[in-house]
Amino acid sequence: MRAPKKPGTRGPKKFLFRRRKFCKFCDEKIAFIDYKDIKLLQGFVPERGKILPRRISGTCAMHQRELQQAIKRARNIALIPFTTD
Amino acid sequence: MSEPAAAPAAPGKHRRYETTIIAAPNVTEDELNQIVAALEKVVADGGGTLIRTDRWGKRRLAFRVRKHEDGIYVLMFYEAPSAVVREIERRIRIEDRLIKFLTVLVDWEEKVARAEAARAARIRNAPPGRLDGGVPEGLDSGYDEDAIPGMRG
């Protein structure tokens with residue numbers, strides 16, 4: 001696909017092994033984030049129960065909004081905790 | 001988890017909703033059948049169409065609800081005027097054996113359609129040579145995911 005790139009030619013590649021972030025939903029072409037899909041949502045809700053921020057998950061803005069909506073719905077019907085102590 | 005509801009026989013007239021109800025764990029099968037049947041009747045009486053009712057059965061709640069640790073989940077998919085939704089929610093509130101509910105407008109079909117349309121438009125406007133409308137080679141972000149095995153995912 002892409003031609004192999006010589007290191008240091010282009011791009012901010014200071015951290016050599018930093019994994020590139022990408023939006024899971026764009027990548028897998030998930031058109032709709034269902035609040036019932038707990039397995040999917042749980043990946044974005046760490047132990048504490050908070051919603052994983054975009055800067056960490058790499059989710060794009062559009063999908064983060066949908067994700068947020070889905071997580072809040074899932075919380076409402078007790079599929080996902082609001083918080084854990 | 002469960003698949004999206006199947007397309008209705010006659011599409012269009014009303015909006016589609018999805019109501020999840022949680023019954024207390026001590027509600028018997030018969031009682032639950034009664035409750036659900038009553039709600040289904042509301043849909044029919046109000047001029048709506050019931051698409052499907054799913055039963056997830058008993059599952060552990062993420063937190064305690066009215067002192068219950070478990071709940072019996074039932075999902076109803078239907079197309080109906082908004083008055084029906086109001087009536088269903090009113091009845092759920094009155095019914096003590098139901099401990100929680102959530103009604104959601106089912107709009108994922110629109111979203112899928114919009115995504116499809118956007119993709120089609122991208123292909124129409126794509127430069128020659130890339131039929132999928134993707135980013136032409138050499139114009140992407142400067143990172144190279146293929147360079148390091150196992151970098152993605």
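In chain B, helix α1(B) crosses helix α2(B) in a right-handed way (right-handed if the near helix is turned clockwise from the far one by less than a right angle, left-handed if anticlockwise). What you're looking at is a predicted model, where local features need pLDDT of at least 70, side-chain atom pairs count only at pLDDT 80 or more, and totals for chains, interfaces and linings use all residues. Residues are numbered from 1 along each chain as its sequence is written, while chains are lettered from A and ligands numbered from 1 in the order in which they are written.

**Chain B overall**
- Chain B has 3 helices and 4 strands (DSSP runs numbered from the N terminus: H or I of at least four residues for helices, E of at least two for strands).
- Along the sequence, they come as β-α-β-β-α-β-α.
- Of its 153 residues, 18% are buried (20 or more other C-beta atoms within 10 Å of a residue's own; 12 or fewer is exposed, in between is partly exposed, with C-beta atoms placed from the backbone).

**The helix pair**
- Helix α1 (residues 29–45) and helix α2 (residues 82–94) of chain B pack at about 160 degrees, with axes 9 Å apart (axes are lines fitted to C-alpha atoms, for helices over the stretch in contact, and angles run from 0 to 180 degrees between N-to-C directions).
- That angle makes α1(B) roughly antiparallel to α2(B) (over 145 degrees; under 35 is roughly parallel, 65 to 115 roughly perpendicular, the rest oblique).
- Leu39(B), Val42(B) and Val43(B) of α1(B) meet Val84(B), Glu87(B), Ile88(B) and Arg91(B) of α2(B) (contact puts C-beta atoms, placed from the backbone, within 7 Å).

**The sheet**
- The 4 strands of chain B make an open, antiparallel sheet in the order β2-β3-β1-β4 (strands pair if DSSP finds at least two bridges between them).
- β2 (49–65) and β4 (98–105) of chain B sit at the edges with a single partner strand each, so one side of each has no neighbour in the sheet.
- β1 (residues 15–23) and β3 (residues 68–80) of chain B run antiparallel and share 9 bridges, and Ala23(B) has Ile72(B) in β3(B) as its bridge partner.

**Two positive phi values**
- Most residues other than glycine have a negative phi.
- Ala78(A) has a positive phi near 60 degrees; it sits in the segment after α4 (61–76) of chain A and is buried, with 24 other C-beta atoms within 10 Å.
- Arg66(B) has a positive phi near 45 degrees; it lies in the loop between β2 and β3 of chain B and counts as exposed, with 12 C-beta neighbours inside 10 Å.

Definitions and conventions. Two residues are in contact if their C-beta atoms, placed from the backbone, lie within 7 Å.
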